[in-house]
Amino acid sequence: MTTAKVGRYYRLTPERRGVGVELDARHNWSLPGVSCEVCGETWAATGLDYPTVDLSTFPGLRALSAGGVVSTKEYAHLSEQLAKVLRGRPHLPGTELGPLIGVGGGTPAGFVWMNPWTLLIEERTMAVLRNQRLKLPDAVPAVLRELNGRLFEFEVLPQGEVQMAPRGKRCSECGRTPLRLIGRPAIRRQSLGEHADIFRIRNFSTLLIGTECFVSCIMALSIRCCGVTPVDVC
Ligand SMILES: [Zn+2]
């Protein structure tokens, strides 16, 4: 790792997959994908996960447990109901909710990545990070049978946008807009509001970002399993 520079942002990626830790888990609920009669696309977004959300008393729970694909009308109804529970968190078809539940294997240390957009942290490491001067998101324990240890998942909220170019028109029915990245990801400064020291990019939700404070801390503490790459801000 190189030295983190003040004021910079860094892309966070799996450096080594959990060093001997295996995970087979999924979030407790997810919004279905949507099939649109207007644009003809069937789609769901990836990377919008809110593990702290508890939907156990949500009236539309069946539709969120079944997965699958629904019509744009059914999705709109579900989305409206859910908006009250999510309190301003952006959501799309495919958004995952509730804690991770499943099976684990091995003894975790430092960070563990379930995939490149789902970052988990071992319990003692999280306690160490919480003692630093960092603004960290809320976290909940993942429910992982057979794991020799405890992992927590941060609720990494969407914040800031990267420059993207449209590849077609926005669909008036389902809201899908085909986009492509322009070169390397660069965060638009104006899109950045107040944010935690880890966040995900709103229009590229599989992209996890850490501030220089966060990256400096994990370097100083030699916390394992997180690759960092500087990201431009424009
Ligand atoms: Zn559409």
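1. Contacts along the chain. Among contacts between residues at least 6 apart in sequence, 78% join residues at least 24 apart. Two residues are in contact if their C-beta atoms, placed from the backbone, lie within 7 Å. This is a predicted model: local features need pLDDT of at least 70, side-chain atom pairs count only at pLDDT 80 or more, and totals for chains, interfaces and linings use all residues. Numbering starts from 1 along each chain, as its sequence is written.

2. Overall build. The protein chain has four helices and 18 strands. Helices (H or I, at least four residues) and strands (E, at least two) are DSSP runs, numbered from the N terminus. The radius of gyration is 18 Å, close to the 17 Å that the globule rule gives for 234 residues, so the chain is as compact as a globular protein of that length. That radius is taken over C-alpha atoms, and the rule is 2.2 Å times the number of residues to the power 0.38. Along the principal axes, the C-alpha atoms fill a box of roughly 50 × 45 × 30 Å.

3. Burial. Of the 234 residues, 35% count as buried. A residue is buried if 20 or more other C-beta atoms lie within 10 Å of its own, exposed if 12 or fewer, and partly exposed in between; C-beta atoms are placed from the backbone.

4. Domains. The chain is divided into domain 1 (9-16 + 157-233), domain 2 (29-97) and domain 3 (100-154). These bounds come from an automatic or database domain assignment. The centres of domain 1 and domain 3, taken over C-alpha atoms, are separated by 20 Å.

5. Where domains 1 and 3 meet. Here 18 residues of domain 1 are in contact with 17 residues of domain 3. On the domain 1 side, strand 1 (9-14), strand 17 (204-211) and helix 4 (212-220) each supply at least two residues. By class, that side has 13 nonpolar, three polar and two charged residues. Ala, Val, Leu, Ile, Met, Phe, Trp, Tyr, Cys and Pro count as nonpolar, Asp, Glu, Lys and Arg as charged, and the others, Gly among them, as polar.

6. Cores. The largest nonpolar core has 41 residues; those with the most contacts inside it are Phe111, Leu119, Leu120, Leu151, Leu208 and Ile209. It draws at least three residues from each of domain 1 and domain 3. Apart from it lies another core, of 12 residues, among them Leu31, Ala63, Leu64 and Leu97. A nonpolar core is a set of buried Ala, Val, Leu, Ile, Met, Phe, Trp, Tyr and Cys residues joined through C-beta atoms within 7 Å. Not counting residues up to four places away in sequence, Leu208 touches Arg11, Leu12, Trp117, Leu119, Val156, Ile198 and Arg200.

7. Helix 2. At 1.5 Å a residue, the 15 residues of helix 2 (72-86) should span 21 Å; the end C-alpha atoms are 20 Å apart, which agrees. The expected span is 1.5 Å times one less than the number of residues. Tyr75, Leu78 and Leu82 of this helix are buried. Its buried residues pack against strand 3 (33-35), helix 1 (61-65) and strand 6 (69-71).

8. Two backbone points to check. Arg87 is not a glycine, yet has a positive phi of about 45°. Arg87 sits in the loop between helix 2 and strand 7 (96-105). With 7 C-beta neighbours inside 10 Å, Arg87 counts as exposed. Ser222, also not a glycine, has a positive phi of about 50°. Its place is the loop between helix 4 and strand 18 (226-233). Ser222 is exposed, with 8 other C-beta atoms within 10 Å.
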